[in-house]
Amino acid sequence: MPLALLAGCRVQTVPPTAAVAQAAPAAAPTPVEQPVPESCAMLTPEQYRVLREGGTERPFTSELLHNKAKGTYVCAGCGLELFSSETKYDSGSGWPSFYAPIAKGNVLTKLDESHGMIREENVCAGCGGHLGHVFPDGPKPTGLRYCMNGLALKFVPAETTGE
Ligand SMILES: [Zn+2]
């Protein structure tokens, strides 16, 4: 099954609820019928740089850094659920941090030996997009710190997830 999801930038599969979450009272135009060929087209250049080119956003720049609302953090590239607000904590690093993914199979880990360091890179299981890195200095119960680029994530408030 995951193989079908690994094909890269595919058609956006985020349910309409995600659009509802962002719908402003009247000012914002509703992006319903726009012919978007693939999800990559919906990424900003900054998001593209992180997700598709493995870039890192500048610390303390993410709107999600101090977001304490209940909800789910999904991949900005494909909409796959990645983290729950329940595992988010303030690591002081300047990047949104979590101590566990929402499901092990959703956040993949691979070795990253770039920049003269050996790190564990996290990628989205849905689209292969770069999310951030995981470090062994997190809080209990996992002892892990998933150090994420806020640009790679999209927050879906709890009211709209239907849980
Ligand atoms: Zn993804």
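These are my notebook entries on a predicted model of one protein chain.

**Entry 1: ground rules.** I number residues from 1 along each chain, as its sequence is written. Since the model is predicted, I take local features only at pLDDT of at least 70 and side-chain atom pairs only at pLDDT 80 or more, while totals for chains, interfaces and linings use all residues.

**Entry 2: elements.** I looked up the secondary structure and found three helices and nine strands in the protein chain. I take both from DSSP runs, numbered from the N terminus: H or I over at least four residues for helices, E over at least two for strands. Read from the N terminus, the order is α-α-α-β-β-β-β-β-β-β-β-β.

Entry 3: How much of the protein chain is buried? Of its 163 residues, 31% are buried. I call a residue buried if 20 or more other C-beta atoms lie within 10 Å of its own, exposed if 12 or fewer do, and partly exposed in between, with C-beta atoms placed from the backbone. Next I looked at contacts, meaning pairs of residues whose C-beta atoms, placed from the backbone, lie within 7 Å. Among contacts with a separation of 6 or more, 60% are between residues 24 or more positions apart.

Entry 4: I count two strands as paired if DSSP finds at least two bridges between them. Strands of a sheet pair through backbone hydrogen bonds, either parallel or antiparallel. Three bridges join β1 (residues 71-75) to β2 in the antiparallel sense. I noted that T72 stands opposite S84 of β2.

Entry 5: Strand β5 runs antiparallel to β6 (residues 119-124), and six bridges join them. Here D112 has R119 in β6 as its bridge partner.

**Entry 6: the core.** In soluble globular proteins, nonpolar side chains tend to be buried together. I define a nonpolar core as buried Ala, Val, Leu, Ile, Met, Phe, Trp, Tyr and Cys residues joined through C-beta atoms within 7 Å. The largest one has 30 residues, and C75, L82, C124, M148 and A152 have the most contacts inside it. At least two of its residues come from each of α3 (45-51), β1, β2, β6, β7 (130-135), β8 (145-148) and β9. I then listed what A152 touches, leaving out residues up to four places away in sequence: V50, L51, C75, A76, G129, H130, L131 and G132.

**Entry 7: backbone exceptions.** Most residues other than glycine have a negative phi, and most peptide bonds are trans. Which bond is cis? The bond joining K140 and P141 is cis, with omega about 5 degrees. P141 sits in the loop between β7 and β8. F60, not a glycine, has a positive phi near 65 degrees and belongs to the loop between α3 and β1. Is F60 buried or exposed? F60 is exposed, because 10 other C-beta atoms lie within 10 Å. H115, also not a glycine, has a positive phi of about 60 degrees and lies in the loop between β5 and β6. With 8 other C-beta atoms within 10 Å, H115 is exposed.

Definitions and conventions: Two residues are in contact if their C-beta atoms, placed from the backbone, lie within 7 Å.
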